[in-house]
Each structure stands twice: as C-alpha cells, then as structure tokens.
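Me: Can you walk me through this model, starting with the contacts between chains?
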Amino acid sequence: MLFRVAIAFACLFIIAGVAGQPAGDTALAVQQTIAPVTSLIATNHEYDNGTGIDLIWVPSIDDRLAPSRVTGYEVWRSVVGGSGSRIAELPAGANKFTDEQCSRESTYVYSVVAISVAGNAVSISTAPIQPAREWINLHRLNLLAIAFLVSAAVIYFIQSARSGKKLFVRKIAGLDAVDDAIGRATEMGRPILFIPGIQDMDDVQTIAAITILGRVSRVVADYDTKIKMPVSRSLVMTAARETIKASYMAAGRPDAYNDDMVSYVTDEQFGYVAAVDGIMVREKPATCFYLGAFFAESLILAETGNSVGAIQIAGTAMPAQIPFFVAACDFALIGEELFAASAYLSNEPKQLGSLKGQDVGKAVALVVIVVGTMAATIGSAWDVTFMNQLWSALKVVFQTN
Amino acid sequence: MESGLMHHVALWLAAFLTLGIFSFLYRDNTWYKVCEAIFVGISAGYWFVAYFWDNLYTKFWVGVWVTPMADRPDDWYVLYVGAALGILMLLRLVPKVGWISRWPLAFIVGATAGLYLVTYFASNVMLQIEDTVRPIFGAENDAPIYEIIGNIVVAVGTFTGLIYFFFSKEHRGAFGRAAKVGIFFLMITFGASFGYTVMSRMSLLIGRMDFLFSDWLKLIK
Amino acid sequence: MKREVPLFITFFVGTLLIASVFIPPAESWGENFSVYFDIIAVFAFFLGGGNLLRIHLQKVASKRPDWGYSIVTLVAFLVMLAAGLFKLGNPGGISGNLTTAQSWFQILFQNIMSPLGSTMYALLAFFVASASYRAFRAKNRDATILLVAAFIILLGRTPFGTMLTSWIPPQYDLLQVPNLAIWIMSGPNLAGQRAIMIGIGLGIVSMSLRILLGIERTYLGDDR
C-alpha cells in the first residue's frame with residue numbers, strides 16, 4: 001500500500017514539474033523565421049586577371065529592424081557542374097562581397113544565406129557567371145597619366161641639361177660638407193665609416209646609399225683615405241665592393257683597392273649595431289656616413305659616433321628616424337634629399353637635370369593643393385556648384401586604387 | 001633537477017650577457033667584446049639557418065621537387081629563374097667570370113627601381129595630395145575654431161614644407177621665407193616623432209631592468 | 001658587353017615591372033620578384049657568411065689584436081649552423097622542428113640571441129636622453145622647436161600632462177596638454193609628414209628613372 005502511494009506521489013511530482021516549466025522555451029519554437037536577402041546580383045570584377053566576381057544584394061528586411069534579427073550572412077558558391085561550398089561569413093548589415101578566388105575556366109552560381117537564431121533564409125541563386133580578364137587596368141589610367149607627366153618632366157630636363165643648358169641647383173649643406181669631411185679624415189689619418197642602412201638591395205633607400213657611395217668612394221680614392229664599410233646584407237656587400245672598386249679604378253689607383261674595405265657582419269639588426277659600435281670606439285673614425293634605410297638603431301649609431309668625436313652625415317627616408325639623425329648628427333639629409341644626393345654629388349649636368357624634373361612634380365602638387373583647397377572650401381561653405389565640381393574632379397584625378 | 005639546473009644556467013647566462021652589453025655605456029671593455037663576438041656569430045648563424053630552411057628548402061626545394069605537379073601554382077617555374085640568378089651571383093668566386101655576377105645585381109636593382117617608382121608615386125604623391133585637398137571650413141560653421149586653424153595649418157604646412165624641398169630655386173626672398181616656414185613645420189614633425197618614441201624606449205629599458213631585478217636577482221616580486 | 005648587358009637587364013626588368021602595375025594579367029610579376037629575391041639572397045649569403053669566416057680566420061691565423069674574440073665569433077657561428085642546419089641537439093633529428101623548445105637552436109636563440117638583442121635595443125633609452133640633452137644645449141631655433149614639440153607630445157602621453165593642466169577651463173581646453181598633443185599630431189605634424197612623403201615619392205621617381213635609363217650606374221662597377 002505504502003509503495004503504491006509513493007509511486008502516485010512521484011507521478012504527481014513529475015507532472016507538476018513538467019507543467020511548471022517556464023513558457024519561454026516553447027515560445028522560441030513559434031518565433032518567426034527571417035526573410036532572405038533580395039536582388040542578389042553577380043557581376044565580373046573589373047580590371048583584374050579574371051579572378052574576381054562582385055556580389056551585391058539588398059539585406060534581409062529583418063536586418064533593417066533595430067535590433068536586427070539577422071546575426072550575419074554566409075556567401076555560398078557552387079561551380080556549375082560541381083559541388084557548392086561556403087566561401088565567406090559576413091556580419092549583419094553587409095550588402096556586398098568580392099570573391100577573389102575564382103578561376104577563368106569555371107562558371108559560378110552564388111547564393112547568400114541570412115543567419116538568425118530562429119533559422120536561416122537562403123536567397124535565390126544568381127545567374128551563372130564566368131569571370132573575365134581585362135588587359136589594361138583603366139582604373140589606374142590617372143596614375144599612369146600623372147606618373148608619365150612627372151617622368152616626362154624628369155627626362156626632358158635630363159635631355160636639356162645634356163644639350164648644354166645651364167641649370168641652377170640650390171646648395172645642400174650636408175652634401176657640400178662631404179669633401180671637407182673626407183679631407184678631415186685624411187688629415188687625421190683616421191678612417192671614414194660608411195653605413196648603408198640595414199635593408200637589402202630590394203629597398204630603394206639602400207640603392208640610393210650605394211649610388212652615394214659611388215661618389216664618396218671616388219673622393220676617398222683620390223685622397224687615399226681609409227674607408228670601412230661593415231654591412232648587414234650579403235648582397236649589399238657585393239654591390240658595395242663593385243662600387244668602391246670602380247671608384248678606385250676611375251681614380252687610377254686599382255692597386256689601393258681591397259675587398260676588406262667592405263665586410264659582412266650579420267643580418268641581425270642589433271647584432272650588427274653591436275659590432276658597428278665596437279668598430280667606432282676602437283677605430284675612432286673621423287667621419288661617419290649613415291645613408292639608407294634605418295630603424296631603431298639610428299640613434300644608437302649616431303650617439304656612439306658623437307662620443308668618438310666623428311663628423312656625422314646622415315640621410316634616410318624613414319620618417320620615424322629622421323628626427324634622431326637631425327638631433328644627433330652634424331648634417332641630416334631629409335627624405336627626398338637622400339635620393340637627390342648622388343645626382344648632386346656627381347655634379348654632372350644630366351644628373352642635376354633630373355632634380356629640376358622632380359621639382360615639376362612638386363610644382364604640380366603645390367598648384368593642386370592651393371586650387372583644390374580653395375575649391376573645396378568655397379564649394380562646401382557657400383555651395384558653389386562649379387567649385388564642388390572642380391573639387392570632385394581633382395579627387396577623381398588623384399584617386400588611387 | 002636537470003631542468004632546474006638548466007634554468008639557472010640559462011638565467012645566469014642571460015644576465016651575464018645583459019650586463020655585458022650595458023657595460024658598453026661606461027666604455028669599451030673585454031666583457032662587451034665577448035658579448036659582441038657571441039652576438040655576431042650566433043646571429044649570423046641564426047639568419048643563415050632561417051634563410052636556408054625558409055627560402056632554399058621550403059620555397060625552392062619543396063616547390064620544385066616535393067610538391068606534386070597538380071598542386072603547384074601556374075608560375076612555379078619562376079623558382080628556377082631565382083635559383084639561376086642565385087648561381088650567377090656565386091660566379092663572383094671565379095675571378096675570370098666574376099663580372100657575370102652583375103647580372104643578378106642589375107636584375108634586382110632594375111626590379112626594385114621599377115616597383116618603387118609606381119607604388120611610391122601612388123602612395124606617397126597621389127594619395128597625399130588627394131588627402132590634403134580638403135575644405136578648411138564647411139557651411140554649418142559649427143566646427144570649433146581650433147579645428148579650422150588645424151585645417152589651415154595642414155594646408156599651409158604641406159605647401160611650405162614642399163617649398164623647402166625645391167632644388168632648382170634658390171631659397172631667397174618670399175620663396176626663402178616660405179621655405180623657412182616649411183622648416184618650422186618639419187621641425188615640429190620631427191619633435192612630435194621624437195616625443196612619441198621616448199616613452200616606448202624607456203619601456204624597453206624597464207623590461208631589461210625587470211629581467212635583472214625580478215627574474216634574475218629576485219629582488220622585486 | 002660587360003656593361004651593356006647589365007644596363008639592358010636593369011632597363012628591361014624595371015620597365016616590365018612598371019608596366020605590370022597597369023596590366024592585370026601581369027600583376028603577379030611584382031610578387032614573383034620577392035620570390036626571386038629571397039632565393040638570390042640565400043645564394044648571396046654564401047658570399048657573406050664566407051666573408052665572415054675568412055675575416056675571422058685570417059685574424060686568428062695572423063694573431064692580429066683581439067684575435068681571441070674572433071675565435072668566439074667563429075665558434076658561435078659554427079655552433080649555430082650545426083644546431084640549425086644539421087639540427088644537432090634537436091629531439092626530432094634532421095626532420096625535427098627548428099623551434100622545438102628543447103632543441104639547441106631554440107635554446108641558443110632564447111637564452112643568448114634574444115637577451116643580447118633586447119639589451120642592445122634598451123640602450124636606446126640612454127641615447128634618447130643624451131640626444132635630447134644635446135638638442136637642449138644646441139640653443140638654436142630649429143633645436144628649440146623640435147624639443148618643445150617633443151616635450152608637449154611626451155607630456156601628453158603621460159598622466160602627469162593631464163594633471164598639470166586639468167585646471168584650464170573647458171572653453172580653452174585646447175591648451176590642456178593632452179589635447180594640445182593631439183592637435184600637434186593631427187595638425188603641424190601631419191603637414192610635415194605629408195611634405196616629406198610627397199618629396200620622397202618624387203625623389204624615388206627621379207632616382208629610379210636615372211637608374212633605368214642607365215644615367216646612374218655606379219652600383220654596376222667598372223667594366224675594365
């Protein structure tokens with residue numbers, strides 16, 4: 001009897017327990033599903049090698065509510081005659097995507113799935129599309145045109161200087177000091193130290209440094225000064241040796257050249273700095289050149305050079321390091337001056353002509369900045385249509401992508 | 001036990017090297033020279049090993065011999081061109097044909113010049129000019145005055161800064177004065193970068209001090 | 001011939017890569033260049049590493065001053081090569097992973113190269129101080145502008161800067177150091193950066209053209 005009562009009570013508890021469940025759980029099941037995205041269109045991605053398809057769509061109507069009921073979108077792609085796969089997951093609010101992993105040989109069909117807690121909604125698939133390749137990137141025509149204009153100016157002035165036309169180039173103090181600095185080393189019987197930065201030959205700043213080395217080593221060869229050039233890249237070692245050797249040959253003193261003028265230390269940034277610092281305090285160079293791409297080591301080198309009383313001429317196009325060279329060196333070439341240095345030092349008309357050519361680029365920049373800023377200000381402050389058009393036109397011309 | 005001993009040896013070694021480098025601040029000495037010699041040898045070896053496995057083995061050897069034909073990219077044969085140029089580079093070691101090593105050098109310099117010419121023209125010239133062309137103030141006139149002054153400063157600073165870089169015109173008269181204003185802006189820029197980096201440099205030193213006093217000497221918990 | 005071929009290679013490769021930016025099917029050429037370069041750089045390392053060995057061996061052989069340190073460098077270099085190339089001391093043997101924690105290569109990197117590198121880097125703290133002092137003593141206009149700007153930015157990044165000028169009423173809040181620092185960064189600093197960047201861009205165009213056209217050819221050495 002007692003046993004039956006116990007079972008009856010147990011059943012009652014179970015029934016009561018189930019009945020007492022909160023109603024919310026079941027409410028989820030009746031929540032409405034969401035609407036799919038609409039107007040999904042696939043088009044060929046322009047001006048590429050036939051690898052891209054652009055997709056645009058109107059987001060699910062449930063994505064436009066606040067808070068959105070859509071948690072995100074999935075983009076699905078299937079190759080015609082093959083299987084489909086998910087290629088991207090995008091956040092809620094997304095309305096476009098570029099698939100850059102296509103093959104020119106395949107035809108694709110896309111669909112977009114709107115995701116929500118209540119369930120997913122699949123869009124209608126796009127029409128089959130095959131990516132096409134273009135041979136010229138028309139989006140970059142403006143870049144081509146302006147780069148061509150500036151290059152043409154450079155070449156024009158090189159040619160006109162070649163034909164004997166006199167060109168004026170202002171003084172660059174750091175470069176005028178080169179001869180004296182090397183002369184000082186000669187008089188003191190101490191070496192000069194040439195540091196071409198810590199990047200390899202695939203950096204244009206290192207190339208600039210090597211071209212300057214060509215001029216510096218010519219003076220070194222003429223004066224019979226000792227030059228020391230520890231480098232942190234093997235290729236730079238090779239290029240520097242060729243350069244210095246050529247200078248000694250041009251000076252008519254090939255026997256005075258020695259491969260050991262240039263030595264490889266290590267590719268490691270601070271290992272290289274540790275060794276160069278050691279060379280500086282032990283050999284006490286009278287003149288130090290730091291030209292090329294520098295990072296944090298710029299100040300370590302320049303301050304150690306200061307401590308041994310060297311005249312220091314530095315130049316880099318690394319914006320973050322120029323300040324340290326300005327503060328710690330006797331002369332600092334700022335950005336563009338580094339690239340102009342070898343032309344300036346060569347004193348050859350055709351090289352100097354190129355400097356005048358790049359000034360044309362600066363003149364264009366100045367005019368555009370003045371005209372553009374005025375047009376933009378007048379246009380937006382007083383709503384002058386012509387000025388706004390001019391502003392937009394300039395923006396289009398100088399846009400890059 | 002063994003790993004405990006190893007840990008201690010490693011800790012003392014790192015402390016020895018750290019103090020050795022710091023000793024350079026006093027003056028050049030034997031301790032620093034030992035550290036420098038170790039650093040140069042170890043790091044040169046490290047980079048050769050890294051280049052060897054990452055470039056020669058993984059990129060070249062695996063790309064040319066190991067990867068099945070079907071999985072190779074369309075232009076896998078470019079690896080041979082790289083290796084051929086690399087071998088030409090080594091011809092420097094043979095005096096008679098050493099001059100051929102200029103070919104790979106010419107290749108690298110030409111490619112770098114070509115690549116930088118267009119990419120830097122786009123990112124440094126075109127993009128910066130486009131970004132500078134902005135209205136100084138708008139129609140609503142609700143911008144704070146210092147924002148308007150800031151906009152004027154950006155336009156004037158960029159303009160005069162560029163004037164400073166002109167090579168073919170003497171810095172005299174009005175042009176010279178504009179160039180002087182340009183230098184003024186450049187100096188502020190340099191000061192700003194300088195000030196911006198000081199704190200991070202201090203934190204590097206704090207990091208090493210932390211190693212010495214906390215990890216090694218255990219004076220700071 | 002010794003000179004013409006390299007000049008032609010420079011011109012040809014450079015022009016091709018300029019063109020590749022505008023021709024979609026050729027866009028990957030620029031990326032391929034980095035593949036070529038990486039492989040050439042390994043071969044070049046045989047020259048660099050060989051040079052390192054030669055210099056130090058010569059120093060030891062002729063017992064030049066400080067030759068003892070050359071022995072240290074040589075041993076360190078060869079030990080690292082043994083640990084990395086032949087994977088000596090690697091639990092996985094020759095096919096083992098270089099960066100395995102117990103491998104000699106990783107132990108040497110972790111306990112020797114890494115502390116040396118970070119200490120060398122940390123020396124900068126002292127050099128920043130000495131360079132600032134030098135600029136302070138220079139007492140010319142440029143150095144003063146540089147230092148004042150640096151000081152404001154430095155203060156603006158510390159709580160001390162906020163504390164120092166928090167009393168300034170809100171209508172003049174630009175004069176509060178952190179705001180002033182932000183204004184300098186986004187005003188005059190930005191202007192200077194732009195002028196420098198535009199200059200660099202044009203400088204590169206001009207220098208690259210000189211190289212491609214063969215006007216600048218010092219790096220190719222002499223053909224005699």
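Me: How many residues does the contact between chain C and chain B take from each side?
Reply: The contact draws on 106 residues of chain C and 104 residues of chain B, contact meaning heavy atoms within 4.5 Å. This is a predicted model, where local features need pLDDT of at least 70, side-chain atom pairs count only at pLDDT 80 or more, and totals for chains, interfaces and linings use all residues. Residues are numbered from 1 along each chain as its sequence is written, chains are lettered from A and ligands numbered from 1 in the order in which they are written, and side-chain values use heavy atoms, with hydrogens and water left out.

Me: What area is buried there?
Reply: About 10100 Å² is buried between chain C and chain B, with carbon and sulfur atoms giving 82% of that. Buried area here is the accessible area (1.4 Å probe) that two parts lose on being put together, summed over both.

Me: Which three residues of chain C supply more of it than any other three?
Reply: C:Phe43, C:Leu116 and C:Arg194, which supply 7% of the area that chain C buries against chain B.

Me: And how many salt bridges between chain C and chain B?
Reply: Two, a salt bridge being a side-chain nitrogen of Lys or Arg within 4 Å of a carboxyl oxygen of Asp or Glu. One salt bridge joins the side chains of B:Lys59 and C:Asp38, at 2.5 Å from N to O. The interface of chain C and chain B also has 14 residue pairs in polar contact, both residues at pLDDT 80 or more. A polar contact is a pair of N or O atoms within 3.5 Å; within protein, one must be able to donate a hydrogen and the other to accept it, and residues adjacent in sequence count only if both atoms are side-chain atoms.

Me: Which helix of chain C gives the most to that side?
Reply: α9(C), with 21 residues. Helices (H or I, at least four residues) and strands (E, at least two) are DSSP runs, numbered from the N terminus. By class, the side of chain C that touches chain B has 73 nonpolar, 22 polar and 11 charged residues. In that scheme Ala, Val, Leu, Ile, Met, Phe, Trp, Tyr, Cys and Pro are nonpolar, Asp, Glu, Lys and Arg are charged, and the others, Gly among them, are polar.

Me: Now chain C against chain A. How many residues from each?
Reply: 56 residues come from chain C and 76 residues from chain A. The buried area is about 5200 Å², and carbon and sulfur atoms give 72% of it. On the chain C side, C:Phe22, C:Met120 and C:Ile215 lose the most area to chain A, together 12% of what that side buries.

Me: How many salt bridges there?
Reply: Four across the interface of chain C and chain A. Among them, C:Glu27 pairs with A:Arg140, with the closest N and O atoms 3.3 Å apart. The count of residue pairs in polar contact between chain C and chain A is 15, both residues at pLDDT 80 or more.

Me: Which helices of chain C each supply at least two residues to that side?
Reply: α2, α4, α5 and α9 of chain C. α9(C) gives the most, with 15 residues.

Me: Switching to chain B: where does helix α2 bend?
Reply: Helix α2 (residues 30-66) of chain B bends by about 40° at B:Tyr57, the bend being the angle between axes fitted to the seven residues ending there and the seven starting there.

Me: What caps the N-terminal end of α2(B)?
Reply: B:Asn29, with a side-chain oxygen 2.9 Å from the backbone nitrogen of B:Trp31.

Me: How is chain B divided?
Reply: Into domain 1 (1-73), domain 2 (77-133) and domain 3 (144-221); domain bounds come from an automatic or database domain assignment. The C-alpha centres of domain 1 of chain B and domain 3 of chain B lie 34 Å apart. Domain 1 of chain B and domain 3 of chain B bury about 660 Å² between them, 83% of it on carbon and sulfur atoms. B:Leu11, B:Thr18 and B:Phe22 supply 59% of the area that domain 1 of chain B buries against domain 3 of chain B.

Me: Last one: how many salt bridges over all chains?
Reply: 25. One salt bridge is A:Arg77 with A:Asp99, the closest N and O atoms being 2.8 Å apart. A:Arg77 lies in strand β3 (residues 72-79) of chain A and A:Asp99 in strand β5 (residues 96-99) of chain A, so the pair ties together parts that are 22 residues apart in sequence.
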